Amino acid sequence: MIVRRLMAAMLAATAVAGAGSAAEKVPPLPPYVAAYEPTNVDERGAWMIADEDERRLRDSADVMRDPALNAFVRGVLCRTVGEDRCKGVRLYIVHVPAFNATMRPNGMMTIWSGALLRLRSEAELGAVLGHEFGHFELRHGLADFRNRRSGTDLMAWASVLVANSAAFQVDMVGGFYAFDRAQEKAADMIGVRYLAASHYPSHAAADIWDRMMGEADATAIGRHRKPDQRYAAGFFASHPTNLARATYLRSAAAELPDADGSAGVDGYRAAIAPWLPMLLDDQIRLNDFGGSEYLLGQLAVGGWATPLLFARAELYRMRGHPRDLVSAAGFYQEAIARGDAGAEAYRGLGLALMRSQQVEPAKTALREYLRRKPDANDASIIATLVAS
Amino acid sequence: MRFVRTMLAVMAATMLAVVPVQAQEKTGVKPGFTLQPGTARIVLLRPSIRVGAQSTAGMFEPNADWTQQARENIGRALAKAQGQLGNTVVDYVEPVGADAAALAEYQALFDAVAQSVIEFQFFPGNRLPTKKRKDQFAWSLGADVARLPGLSGADYALFVTTEDHFGSTGRKVLQVFAALARVPVTAGVHKGFAGLVDLHTGELVWLNADLQMGGDVREADGADKRVRQLLEGFPGRPAAATVVASAGR
């Protein structure tokens, strides 16, 4: 019984520690130390592992190395967290079509290409990067490691010493995820602080999560599921729910003094524009019709540019219901009418028309594709379609 | 953070059930392969070395100082072992830029192939249908490995990987209590493998893997022992050295 009481006391202590780091008030920024070096065994170990992983990531083929894009993203980070702080970070843009960014204890930050497609302004990009920098500045990796270690140690002892410890083990596992969520909230709070201290408007942090909820709902509807936005996080959730994040970030932004600067919508759009066709191509291959359609609609708020029309046409052609092929052909034609569509628009138009039984117009479009791109790697198979 | 989290979650879920599987075979050599002493130039790629402690529950606690000591000790021990290998071994000068990306891919490929050999060749009961013939050892990284920069004058590439989790005091105490409760708990993980790749064909000609290695890599003597075990069964070594190494086990 003593053991059990001891466990309960320790469990309560862990829970309090977790809750403590998730204060409701927006905390002030911690003092910054330049060129921080890890101090103790655990932290030095964590940095060593991160250093080894960074060697691999640095040389990975998945990193997008375009100097202009990297300079832009890094510039946003530095303007958000400040010139001195951003010196401690190596930033890698990783080609993964999902919305995420990561931070390792040694200052290795990644942002995924899917995030670049979904964000709308420099301020929103700054909110994401500031959140990740918050993990670094608050040394969350180390705290999480120690929390898991002490927690699993207790679980190991309980499994040996306590006759029926299942409920305790479940509580402890739940505690790990609650601790993670508290860290994510703390990083959100410090991120919005950076944003408020910069010249970017701090409401951008909440705007992201509003749209993420819209996309999640659209994905769910597209997959014939019920849209489900909740305030309370699930047992195994590593992050607070999107609704919770949107809510507390919105109220934090309202509470903080904000500079009157621009969100940098145009600058963001211009920096991403060269990459938009590639990012859209990644997105429509995710087999997420509802989410992709929502995303395209969001991107087209200021008007349907050619890459958006082409991506939408491809999305519909890939789903391939007879009605989709008609829509797709229409979007291809709109893109072509704008005058700056690539040869692939003629290819898609031809294939969509071919499957809609409009053989002669299809062949005309495919011939135009071959004329514009004679060395295309599918040239020979398209040629057989034209000849058939 | 999400990666780390997932990894930790998986570790937390599995660590209580960790029972190291004993490899039934430890060494594989391509049939008919021999390496005459003094005929080949071997390039040693940057060894992958991880040293740390094992927490009470079995989590790996990486230790930067121990890893640094092990890196130095193993480097020295490998240089000393050159004589036993009977051939020149030189450190690989790592390329930069696009070449570094190619090297990273080949190191990852070697790790994947080595893991496959350990899993699907060294356990006879687990062999893939295509790997069932007796005395067969057919694994390759592909002939393009020779195109890595700086390997033009070399004949073979030597890969070395070791990982050590030294059981903490807590882990050992838990082991005793668990034994009283008739629950098997192991303390410490000491595993490593070394492989030799023919740079002309890309074939893996020799692989030695051991999931329960000896030798404390944090000390010079221990690193010597570890390297002896890693190079056990190396096809090019003179017979006498093999005997010494087996005796030292």
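This is a predicted model: local features need pLDDT of at least 70, side-chain atom pairs count only at pLDDT 80 or more; totals for chains, interfaces and linings use all residues.
Two strands are taken to pair if DSSP finds at least two bridges between them. Within the model, A:Met64 stands opposite A:Ile93 in E2(A). These strands belong to an open sheet of four strands in chain A, ordered E1-E2-E4-E3 and mixed in its pairing. Strand E1 (63-64) and strand E3 (101-103) of chain A form the edges of this sheet, each pairing on one side only. Helix H6 (residues 122-137) of chain A packs on the sheet, where it touches E3 and strand E4 (108-112) of chain A. The direction of H6(A) makes about 20° with that of E3(A).

The overall composition of chain A was examined next. Chain A contains 18 helices and four strands. Along the principal axes, its C-alpha atoms fill a box of roughly 85 × 50 × 40 Å. Chain A has 388 residues, of which 42% count as buried. Of the contacts in chain A between residues at least 6 apart in sequence, 67% join residues at least 24 apart.

Chain A is divided into domain 1, spanning residues 2-255, and domain 2, spanning residues 265-387. A distance of 37 Å separates the C-alpha centres of domain 1 of chain A and domain 2 of chain A. The contact between these domains involves 19 residues of domain 1 of chain A and 18 residues of domain 2 of chain A. On the side of domain 1 of chain A that touches domain 2 of chain A, at least two residues each are supplied by helix H3 (67-81), helix H5 (113-118), H6 and helix H9 (204-222) of chain A. H9(A) gives the most to this side of domain 1 of chain A, with seven residues. By class, the side of domain 1 of chain A that touches domain 2 of chain A comprises eight nonpolar, five polar and six charged residues.

The contact between the two chains takes 30 residues from chain B and 30 residues from chain A. On the side of chain B that touches chain A, the elements giving two or more residues are helix H1 (2-14), strand E4 (60-62), helix H2 (64-85), H3 and helix H4 (169-180) of chain B. H1(B) gives the most to this side of chain B, with six residues. The side of chain B that touches chain A has 20 nonpolar residues, together with six polar and four charged residues.

Strand pairing in chain B was then traced from E2(B). Strand E2 (residues 41-44) of chain B and strand E5 (residues 88-91) of chain B run parallel and are joined by four bridges. B:Ile42 has B:Val89 as its bridge partner in E5(B). E2(B) also runs parallel to E6(B), to which three bridges join it. In this second pairing, B:Ile42 stands opposite B:Tyr156 in E6(B). B:Ile42 therefore has partners in E5(B) and in E6(B).

E6(B) is joined in turn to E7(B) by ten bridges, and these strands run antiparallel. B:Leu158 stands opposite B:Leu196 in E7(B). Strand E7 (residues 189-198) of chain B is mostly covered, with eight of its ten residues buried. E7(B) also pairs with strand E8 (residues 204-210) of chain B, in the antiparallel sense and over six bridges. Here B:Gly195 has B:Leu207 as its bridge partner in E8(B). Five residues lie between the strands in the hairpin of E7(B) and E8(B), where B:Gly202 takes a positive phi near 85°.

A further glycine of chain B, B:Gly142, lies in the loop between helix H3 (98-120) and strand E6 (156-167) of chain B. B:Gly142 is classed as partly exposed because 13 other C-beta atoms lie within 10 Å, a count between the limits of 12 or fewer for exposed residues and 20 or more for buried ones. The C-alpha atoms of B:Gly142 and B:Val113 are separated by 11 Å, the two residues being 29 residues apart along the chain.

Definitions and conventions
Residues are numbered from 1 along each chain as its sequence is written. Chains are lettered from A and ligands numbered from 1 in the order in which they are written. Two residues are in contact if their C-beta atoms, placed from the backbone, lie within 7 Å. Ala, Val, Leu, Ile, Met, Phe, Trp, Tyr, Cys and Pro count as nonpolar, Asp, Glu, Lys and Arg as charged, and the others, Gly among them, as polar. Axes are lines fitted to C-alpha atoms, for helices over the stretch in contact, and angles run from 0 to 180 degrees between N-to-C directions. Domain bounds come from an automatic or database domain assignment.
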